[in-house]
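Okay everyone, thanks for coming. Let me put today's structure up on the screen, and then I'll walk you through a few spots in it.

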Amino acid sequence: MQIQTINKIKELTDNRKQLFTEYLTITQKLTDLKEEDVEQITAEMEQRAALAEQIDDLGIQSRKVCRADGREEHLTEILQCRADFSLLSEEEKELFSLCQSVNRILLEIQDQEVLVHRNFEDIRNKLQESIHRNNTGAKFAGYLNHMNYGASKGVLYDSKK
């Protein structure tokens, strides 16, 4: 039973690793996209959300397998790389090593998330500058201002007074 449990958890962890690798690849793409790539950004973000959901499902399955085995605490320590490696069986050591490789991918994702956040801030700033330039330089905006139309008249958008 123990070897079957370890093998099932290894299979689930390996599947999570593959999904995390795909998540990392998408995250790396997001660091290089520009403001004109809005549709691609949206698609990549949706794909990441779908992957995150699949990863969560695999995590739930792993916890269920751990609970069913009766060694939940020990197996959880292995999954979280907190177990004493020298006390583990060969199968458990393989699982531990696999979990460490997943953690390395997670660290890389965290590093890339910082870059994605910076890139999105740059995109937002460029789009805001473009909107500001287009709004202040447009003849139509000047016409609306001259005619006293706008928020106060409810023409462009609803505003709360």
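Let's start with Ser-62: it's buried, because its relative accessible area is 3%, and the cut-off for buried is under 20%. You'll find Ser-62 in helix 2. And what is Ser-62 in contact with, once we leave aside its neighbours within four places in sequence? That would be Leu-12 and Leu-79.

Before going further, keep in mind that this is a predicted model. The protein's average pLDDT is 87, and 83% of the residues score at least 70. Confidence is highest in helix 1, residues 2-30, with a mean of 96, and lowest in helix 5, residues 139-146, with a mean of 59.

The largest one has 23 residues, and the ones with the most contacts inside it are Ile-9, Phe-20, Leu-75, Ile-78, Leu-95 and Ile-109. Helix 1, helix 2 (38-69), helix 3 (72-79) and helix 4 (90-137) each put in at least two residues. Helix 1 gives the largest share of this core, eight residues. Take Ile-109: leaving aside its neighbours within four places in sequence, it touches Phe-20, Tyr-23 and Leu-24, all by contact. Apart from that core there's another, of five residues, including Leu-33, Ile-41, Val-116 and Ile-123.

Most residues other than glycine have a negative phi.

Conventions. Residues are numbered from 1 along each chain as its sequence is written. This is a predicted model: local features need pLDDT of at least 70, side-chain atom pairs count only at pLDDT 80 or more; totals for chains, interfaces and linings use all residues. Side-chain values use heavy atoms; hydrogens and water are left out. pLDDT is the predictor's confidence in each residue, from 0 to 100. Helices (H or I, at least four residues) and strands (E, at least two) are DSSP runs, numbered from the N terminus. A nonpolar core is a set of buried Ala, Val, Leu, Ile, Met, Phe, Trp, Tyr and Cys residues joined through side-chain atoms within 4.5 Å. Buried means under 20% relative accessible area, exposed over 50%, partly exposed in between (1.4 Å probe, protein chains only). Contact means heavy atoms within 4.5 Å.
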